[in-house]
Amino acid sequence: MNDRYSRQILFDPIGEGGQELLANKHVLIIGAGALGTGNAEVLARAGVGKITIVDRDYVEWSNLQRQQLFSEEDAKYRMPKAVAARERLEQLNSDIQVEGLVMDAGAEELRELTEFVHLIIDATDNFDTRLLINDISQETKIPWIYGACVGSYGLCYTIIPGETPCLSCLLEKVPMGGATCDTAGIIAPAVQTVVAHQTAEALKLLTENKEALRNKLVSFDLWNNYYMAMDVRKLKKQDCPSCGNHPTNPFLNPENQTKTAVLCGRDTVQIRPSEHGERDLEELSGVLARLGGRIEQNPYLLSYRADEQHRLVFFKDGRVLIHGTKDIAEAKNLYYSLIG
Ligand SMILES: [Zn+2]
């Protein structure tokens, strides 16, 4: 054994015992954007035994300013974020197991993914997925760590099922930030500060130092020099639909899951097919070639420029991203006119 983890082991609350615990833990990270890549890098370097990172998108040039696992090559070849992240994490630590999944995590998928997982890290950019994670966490009793940032502002909160209030309990009472979905911009230090809070909490949970957990909702604004830790323990609701006395886990209901969504802060609509199954990109390439328009492909996705304004990106899992519109009807029309 080399001394890769020696400084972390010297840190008393972790020690040899904590390091061994880390090696036997499995963390699920939902999202491989700014928060996801930051969390994944810290936890991979720390020696967490298995990391699964899930993302539905691919790398673009506008990501490189803050999404720390990605390179110019990844943007050039439109690598799926989950694949590019996995490759980089494997370079950083070959002792651990890394899984990168190119997919949209719905209720059904999350149920499968959380089997044998010890902790879920929220690195999403939308409340639909967060509320889904919140319900899954209550159902499986797996803790999760909420994180969000926009501009120079950020938030972090750790949710332990059966102990702390859940995300639903807090939503009406606390301004949770990140709820708006516009292009407000973001600076990397805001991301890094949320990542620092999330990964510190993760290390405490994974090394079974629960008494060190923060138990407060942290929010800060690095540009306006403000930092606050709010005690939210009293906000747990007895009648909460997710963690109350008679939970209904509303967000796990298939009827509450959208098949079509406008992506956060982007001029993009995602269509998710109702039936699951792989899309044959070669066959699709043949069909689209006959229609004209520019096709670019890598092993994971196919990009098709339909006209000046619209570009469609087809993934193997059946999803398609339609860039150039926020209008769901327009996106659907275009999609069905091409694919039939
Ligand atoms: Zn609740």
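These questions and answers look at the reasoning behind some labels given to this predicted model.

Q: What makes the protein chain as compact as a globular protein of its length?
A: The secondary structure of the chain comes to eleven helices and 14 strands. Its radius of gyration is 20 Å, and the globule rule gives 20 Å for 340 residues, so the chain counts as compact as a globular protein of that length. The C-alpha trace spans about 65 × 50 × 40 Å along its principal axes. Buried residues make up 55% of the 340. Of the contacts between residues at least 6 apart in sequence, 62% join residues at least 24 apart.

Q: What makes the site of the zinc ion tetrahedral?
A: The site has four donor atoms, with angles of 96 to 124° among them. The label asks that all angles lie between 85 and 135 degrees. The site is tetrahedral.

Q: How do you know which residues are the protein donors of the zinc ion?
A: A donor atom must lie within 2.8 Å of the metal. The SG atoms of Cys 166, Cys 169, Cys 240 and Cys 243 lie 2.2 to 2.3 Å from the zinc ion. In sequence, these donor residues are spaced C-x2-C-x70-C-x2-C.

Q: Why is helix 7 called largely enclosed?
A: Eleven of its 14 residues are buried, so the rest of the structure largely encloses helix 7. Among the buried ones are Phe 127, Arg 130, Leu 132, Ile 133 and Asp 135. The cover includes strand 1, helix 6, strand 4, strand 5, strand 6 and helix 8.

Q: How do you know that the span of helix 7 agrees with its number of residues?
A: At 1.5 Å a residue, its 14 residues should span 20 Å. The end C-alpha atoms are 20 Å apart, so the two agree.

Q: What caps the N-terminal end of helix 7, and what follows the helix?
A: Asn 126 is the cap: one of its side-chain oxygens lies 3.3 Å from the backbone nitrogen of Asp 128. Lys 141 follows the helix, with a positive phi near 65°.

Q: Why does Thr 124 count as buried?
A: Buried means under 20% relative accessible area. Thr 124 has 11% relative accessibility, so it counts as buried. This residue is in the loop between strand 4 and helix 7. Beyond four places in sequence, Thr 124 touches Ile 30, Thr 129, Arg 130 and Ile 133. Its side chain also reaches the backbone oxygen of Asn 126 at 3.5 Å.

Q: Why is Glu 201 called buried?
A: The cut-off is under 20% relative accessible area. Glu 201 has 1%, so it is buried. Glu 201 is found in helix 9. Leaving aside neighbours within four places, it is in contact with Ile 145, Thr 158, Ala 212, Leu 213 and Arg 214.

Q: What makes the pairing of Glu 201 with Arg 214 a polar contact?
A: The limit for such a pair of N or O atoms is 3.5 Å. A polar atom of the Glu 201 side chain lies 3.1 Å from the backbone nitrogen of Arg 214.

Q: How does the reach of helix 9 compare with the expected value?
A: Helix 9 has 19 residues and reaches 26 Å from first C-alpha to last, close to the 27 Å expected. Glu 208, with a positive phi near 60°, follows helix 9.

Technical notes. Residues are numbered from 1 along each chain as its sequence is written. This is a predicted model: local features need pLDDT of at least 70, side-chain atom pairs count only at pLDDT 80 or more; totals for chains, interfaces and linings use all residues. Side-chain values use heavy atoms; hydrogens and water are left out. Helices (H or I, at least four residues) and strands (E, at least two) are DSSP runs, numbered from the N terminus. Buried means under 20% relative accessible area, exposed over 50%, partly exposed in between (1.4 Å probe, protein chains only). Contact means heavy atoms within 4.5 Å. A polar contact is a pair of N or O atoms within 3.5 Å; within protein, one must be able to donate a hydrogen and the other to accept it, and residues adjacent in sequence count only if both atoms are side-chain atoms. Donors are N, O and S atoms within 2.8 Å of the metal (3.2 Å for Na, K and Ca); water is not among the atoms, so sites may look incomplete. Four donors count as tetrahedral if all angles lie between 85 and 135 degrees; four count as square planar and six as octahedral if opposite donors are over 155 degrees apart and all others between 65 and 115; anything else is irregular. The expected span of a helix is 1.5 Å times one less than its number of residues. The radius of gyration is taken over C-alpha atoms; the globule rule is 2.2 Å times the number of residues to the power 0.38.
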